[in-house]
Amino acid sequence: QVQLVESGGGLVQPGGSLRLSCAASGTFFIINHMGWYRQAPGKQRELVAAITRGGTTNYADSVKGRFTISRENAKNTVYLQMNSLEPEDTAVYYCNAAARRTYFTAESYYWGQGTQVTVSS
């Protein structure tokens, strides 16, 4: 099983910055894609940013130029640096990882418990 633990959320004023972290632990062969999703009240969960094991990134249009995703493969950790935060960024942010438990098993997707990000003055 793979456990994802997020940290770094909180309350920040508009224009401020936060850095989210997500560490994977448990028993697995390899973690491939990792990413961040968010869900605001009354809205569907949406992709914020994703990164492959090799470092290729993908961002939602709404966060391009403001957010940066990165990862440390040796630590099985993914980060989300969020700058120039806006009230519209307020949501619960979830970490997601695609992992294979053994060499012979198919890839499965895992989710963290979520961390609240609130942007307000």
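Guide: This is a predicted model, and buried residues make up 40% of the 121 residues in the protein chain, where a residue is called buried if its relative accessible area is under 20%.

Visitor: What makes the protein chain as compact as a globular protein of that length?

Guide: Start from the secondary structure, which comes to zero helices and 11 strands. The radius of gyration of the protein chain is 14 Å, close to the 14 Å that the globule rule gives for 121 residues, so the chain is as compact as a globular protein of that length.

Visitor: Why is Tyr 103 called exposed?

Guide: The word exposed requires a relative accessible area over 50%, and Tyr 103 has 53%, so this residue is called exposed. Tyr 103 is found in the loop between β9 (91–100) and β10 (107–111), and together with Phe 29 and Phe 104 this tyrosine forms a nonpolar patch on the surface, with about 420 Å² of accessible area for the three together.

Visitor: How do you know that β9 and β10 pair?

Guide: Two strands pair if at least two bridges are found between them, and five bridges join β9 to β10, which run antiparallel; because five meets the requirement of at least two, the strands count as a pair. Asn 96 stands opposite Trp 111 in β10, and a hairpin of six residues joins β9 to β10.

Terms used:
Residues are numbered from 1 along each chain as its sequence is written. This is a predicted model: local features need pLDDT of at least 70, side-chain atom pairs count only at pLDDT 80 or more; totals for chains, interfaces and linings use all residues. Side-chain values use heavy atoms; hydrogens and water are left out. Patches are made of residues with over 30% relative accessible area and no salt bridge: like charges are joined within 9 Å, nonpolar side chains (Val, Leu, Ile, Met, Phe, Trp, Tyr) within 5 Å. Accessible areas come from the Shrake-Rupley method with a 1.4 Å probe; for residues, only the protein chains shown count as cover. A salt bridge is a side-chain nitrogen of Lys or Arg within 4 Å of a carboxyl oxygen of Asp or Glu. Helices (H or I, at least four residues) and strands (E, at least two) are DSSP runs, numbered from the N terminus. Buried means under 20% relative accessible area, exposed over 50%, partly exposed in between (1.4 Å probe, protein chains only). The radius of gyration is taken over C-alpha atoms; the globule rule is 2.2 Å times the number of residues to the power 0.38.
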